[in-house]
Number of protein chains: 2
Amino acid sequence: MALFLSKFENKVDKKGRVSVPARFRSVLAEKGYGSVVLFPTVEGDAINACGMDVMEGLLERIGGFDPFSEERDSDADVLMAEAVELPIDGDGRIMIPQELLDQAGIDGACLFAGRGDSFQIWRPEAFEERMKQAKERARAKRARSVKVGAE
Amino acid sequence: MALFLSKFENKVDKKGRVSVPARFRSVLAEKGYGSVVLFPTVEGDAINACGMDVMEGLLERIGGFDPFSEERDSDADVLMAEAVELPIDGDGRIMIPQELLDQAGIDGACLFAGRGDSFQIWRPEAFEERMKQAKERARAKRARSVKVGAE
DNA sequence: TTGACTCCCATAGAATTCCATGATATCCCA
DNA sequence: TGGGATATCATGGAATTCTATGGGAGTCAA
């Protein structure tokens, strides 16, 4: 199976269109999709993106419609309501709803970051920042595991 | 399979007509339906909407008609009795019965919220409120699980 | 006849498709 | 292996289609 790997930065034009990186498009195409599903991250600082297969798996996990159940996870409902399926046009572009762009603070350009079975869309500077923190954490963890009980 | 995703706000005109969002119409059409089934939520704060397939699945789970059984869930009877099948007109609109609108407190505009295999119709402000609460819950849950599983 | 509902048409605005261009990457053959 | 020829890609703008929404005419029943 092909994976979403690496990162790409593309422009958002004044009509709100963005090219989906060709690599990512071909991964989606391989799964048989001509569209992407987007939804905000829980933290709200970026946008998650995946194929419809991920959403279907999610729906399966929370179970089908049941009007008498309070069980059905309300988080999942939120997710379904906040998710959008965006068709990829003939030129490989999508139109990201303004609401999602605003939430993620994306303005003129956005960064596509592969995550294996999905990818994320970030404001470039925010991604940079997050990357730095993640590396820091990783380094700290590694240092700790070397000299046990240190710091 | 196509899912009901995302949310849309449409107006209810003075004749009581509302456009069903085009996306939702195409999901229904894909299933072969030219109509929607509506019934109130158990909490009574919104309207459930789905294709006939969901109702059929529901009936199956409840158990079909049996004249010698008193067992049949009365909730289910209520559900079937309160449900209405609304045809979608040539312009993609439906006429929601006044009773359902009143129950959900819907007045001039209504919000269609995707739930995967079904969708709901809300008074916009009420949906906003519910969304806020659900997100809060989700964030809290996530914070908890991070703390437990983290370094 | 009145009221409720169905069709049909009109329209403004939004979304989608189509076409053009420069830039980059890939391929192919000497 | 080099370098020109050929695809691919991201991007901008214009043209076209679609969508939501309002209003009016015809239908049917009470």
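In helix α2 of chain B, residues 52–62, the buried residues are B:V54, B:M55 and B:L58. Their directions span an arc of only 100° around the axis, so they lie on the same side of α2(B). An α-helix has 3.6 residues a turn, so residues three or four places apart point the same way. The model is predicted.

Chain A and chain B are in contact. Chain A contributes 31 residues to the contact, and chain B contributes 34 residues. The size of an interface is often given as the accessible area lost when the parts come together. Between chain A and chain B, about 2,800 Å² is buried. Carbon and sulfur atoms give 56% of that area.

Four salt bridges are found between chain A and chain B. A salt bridge joins the side chains of B:R115 and A:D77, with an N to O distance of 2.3 Å.

On chain A, several elements each supply at least two residues of the side that touches chain B. They are α2 (52–62), α3 (74–82), β5 (84–87), α4 (98–104) and α5 (124–146). The largest share, seven residues, comes from α3(A). By residue class, the side of chain A that touches chain B has 14 nonpolar, three polar and 14 charged residues.

Technical notes
Residues numbered from 1 in each chain as written. Chains lettered and ligands numbered in written order. Predicted model: local features only at pLDDT ≥ 70, side-chain atom pairs only at ≥ 80, totals over all residues. Heavy atoms only, no water. Buried < 20%, exposed > 50% of the residue type's maximum accessible area, 1.4 Å probe, protein only. Helix = DSSP H or I, 4+ residues; strand = E, 2+ residues; numbered from the N terminus. Arc of directions from axis to C-beta. Contact = heavy atoms within 4.5 Å. Buried area = accessible area lost by both parts, 1.4 Å probe. Nonpolar A, V, L, I, M, F, W, Y, C, P; charged D, E, K, R; others polar.
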